[in-house]
Amino acid sequence: MKDLTRYRNIGIFAHVDAGKTTTTERILKLTGKIHKIGEVHEGAATTDFMEQEQERGITIQSAATTCFWNDHQFNIIDTPGHVDFTIEVYRSLKVLDGGVGVFCASGGVEPQSETNWRYANDSKVARVVYINKLDRIGADFYRVVKQINDILAAKPLVMVLPIGTENDFVGMVDLLTRKAWVWDESGDPMNYEIKEVPAEMKDDVEKYREMLIETAVEQDDTLMEKYLEGEELSIDEIKHCIRKGTINLSFFPTYCGSSFKNKGVQLVLNAVVDYLPNPTEVKPQPEVDLEGNETGQFAIVDPTKPLRALAFKIMDDRFGALTFTRLYSGVLNKGDTILNTATGKTERISRLVEMHANDRQEIDSAQAGDIVAIVGMKNVQTGHTLCDPKAPATLEPMVFPEPVISISVTPTKKGTSEKMGIALGKMVQEDPSFRVETDSESGETIIKGMGELHLDIKVDILRRTHGVEVEVGKPQVAYRESVTKRVEDGYVHKKQSGGSGQYAKIDYIVEPGEPGSGFQFETKVTGGSVPREYWPAVQKGFASSIDKGVLAGFPCVDLKFTLVDGGFHPVDSSAIAFEIAARAAYRQTLPKASPQLLEPIMKVDVFTPEDYMGDAIGDLNRRRGLIKSQETGPTGARIKADVPLSEMFGYIGDLRTMTSGRGQFSMEFSHYAPCPANVAETVIKETKEREAAAAK
């Protein structure tokens, strides 16, 4: 059995361009996993192995790799920073025990850092903070520490102080040991010396060291008493307190460096060993029943317990489907038969591999705490639980956001439709935030995703990886419909045509529900005017109708139906009759309830040099944006706004033109809001024209 206390399952996450992948490269070099460092800007990074990643210099899918540091095994996942791929971060954090949050010393806490931090909080993942790029112009370690406190409402525990900044950055002082780590200019991460603290920094070092110890000893009453009585604590005692506080999320040990210049990564690796939890120190995963309710049982990290594993990512490559799996308990051997609780089917494990980006190493078995890939699983999807058939259990599944943007794709060559269908099927399995539908009226294939870049990459993968050339339609926004007025109405369904007929009478109220409430149904029937056994049929009739609104056929949300009265016939009434009555009632009453069109509103975060701030705000106003906040920092201005998605197509091009190529932005779905009348009219008209054209 492996020693689980020497395991660290960690993820590296940050805003786009904060230096996650570069940091991962340095870790792999220092741990001896690779011998030549690959640079992101040259398209040669180990974990960015997709063609699309190498060309664009961004990470699109999370990549897993395993390496060793000080007798400890690290399973590392490098995650994307771009908002369109946050699903990758979310599902990686779900299976990790610890994380390294990377922040840019000049950019500070950027929009995507906030989203990722929120995901990590939701998953209760212990983190170490690494403030990178201290060699950059505008770098300021202390400002970023303050932002982490103010913006993320997190408590950074400063563990090191930088020596110099921007071009003069040479290393850092380790506050615990009061030693300075100084690198030379050769760029070799191993060319460093451990020296005495520079004289001009001594006061600061003592001040921050005292703050560090005071915060840490709050975790242990005995050591706190000892400290208050004036006794000097040993480094091991302080580390014990820091480890305890890090694991229970009281604070986050904060380091700094420059990954690109190879300065400071060793201290982060030491911190991962010293302060981040091993698999046995993390709160065990709750088990749930088939309805998703917790059973009170937990998957305890122990190789001797029955197998519990979560499939958190599916990847298709030249050797077949790879199912990335985190083992929570038990042992998994080659040749074992396992049960997938989501499908109820068993599958045999033919091959197990340990991943290093897109290379793999065959292994015979894996145990609790491991992250491995299983080759050739047939019916597994992201979030499925794999377990011992003799002791079945389900782990808490993952919840994925709804897509907000869709485009139609049509194969350019006749006869490639089937090939496209198979390719899209594989892509849906790999990415749960990507959906594919067929428009029932036009027969077009519609792909849906989290943003323009997301769909752009998917089309690129279709063309390059699967060899399917497609024509892409105009992006379509996922509008919704709702009602604004309360209406009381009734409907009678009567049909008589030889033999037994159909009869159902319902009186009901249709009214707007609370925002975000979806579909609600209530019954207030008294005296048996509609027998109890027909209530579910009425509910089903209304529920099955809301997929199509009466304005432009978009799904209806936030509606409440209340059944108040009705009538039935002892012979002619049936469940089907009441269901038909409810469907017809929906079509009859919704137009009377002042229906309205709702549009998706995006939370937009724009970063621009200060000179262009006025132009950027003016442009967002023209796009019907509502400016929420604006602040200026040393490297530029940040504007936060709520903007309708329909106005954001092609925004990146306009922003770059406006800011001489220096502006950046990120956006994520916020909420649905009513469309202005003129916009709604245009959308309804265009939708009807499209349907008419498709019908021809």
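Because the model is predicted, local features require a pLDDT of at least 70 and side-chain atom pairs count only at pLDDT 80 or more, whereas totals for chains, interfaces and linings use all residues. Residues are numbered from 1 along each chain as its sequence is written, and side-chain values rest on heavy atoms, with hydrogens and water left out.

The secondary structure of the protein chain consists of 16 helices and 38 strands. Both kinds of element are DSSP runs numbered from the N terminus: helices are H or I runs of at least four residues, and strands are E runs of at least two. Of the 696 residues in the chain, 55% are buried. Buried here means under 20% relative accessible area, exposed means over 50%, and partly exposed lies in between, with a 1.4 Å probe and protein chains only. The accessible surface of the chain comes to about 30300 Å², and carbon and sulfur atoms account for 49% of that area. Accessible areas come from the Shrake-Rupley method with a 1.4 Å probe, and for residues only the protein chains shown count as cover. Among contacts (heavy atoms within 4.5 Å) between residues at least 6 apart in sequence, 71% join residues at least 24 apart.

The interior can be described through nonpolar cores, each a set of buried Ala, Val, Leu, Ile, Met, Phe, Trp, Tyr and Cys residues joined through side-chain atoms within 4.5 Å. The largest such core has 75 residues, and the members that touch the most others are Phe74, Ile131, Ile148, Met159, Ile242 and Tyr255. Helix H9 (residues 265–275) supplies the largest share of this core, 8 residues. A second, separate core holds 44 residues, including Phe434, Ile457, Val643 and Tyr651. With neighbours within four places in sequence left aside, Ile242 is in contact with Leu157, Met159, Leu176, Leu212, Ala216, Phe251, Pro253 and Tyr275.

Two strands are taken to pair if DSSP finds at least two bridges between them; E7 and E8 are joined in the antiparallel sense over 4 bridges. Isoleucine 163 has glycine 171 in E8 as its bridge partner.

Arginine 178 lies in the loop between strand E8 (171–174) and strand E9 (179–183). Its phi is near 55°, a positive value in a residue other than glycine. Arginine 178 counts as partly exposed because its relative accessibility is 31%. Lysine 133 also has a positive phi in a residue other than glycine, near 65°. Lysine 133 is found in the loop between strand E5 (126–132) and helix H5 (141–151). With a relative accessible area of 18%, lysine 133 is therefore classed as buried.

E31 and E32 pair in the antiparallel sense over 9 bridges, and valine 487 stands opposite valine 510 in E32.

Helix H13 (residues 575–589) has 15 residues and reaches 21 Å from its first C-alpha to its last, close to the 21 Å expected at 1.5 Å a residue; the expected span is 1.5 Å times one less than the number of residues. The buried residues of H13 include Phe578, Ala581, Ala585 and Tyr586. Their cover includes strand E31 (487–495), strand E32 (502–512), H12 and strand E34 (559–567).

Serine 545 belongs to helix H12 (residues 535–545). Serine 545 counts as buried because its relative accessibility is 10%. Not counting residues up to four places away in sequence, serine 545 touches Arg583 and Tyr586.
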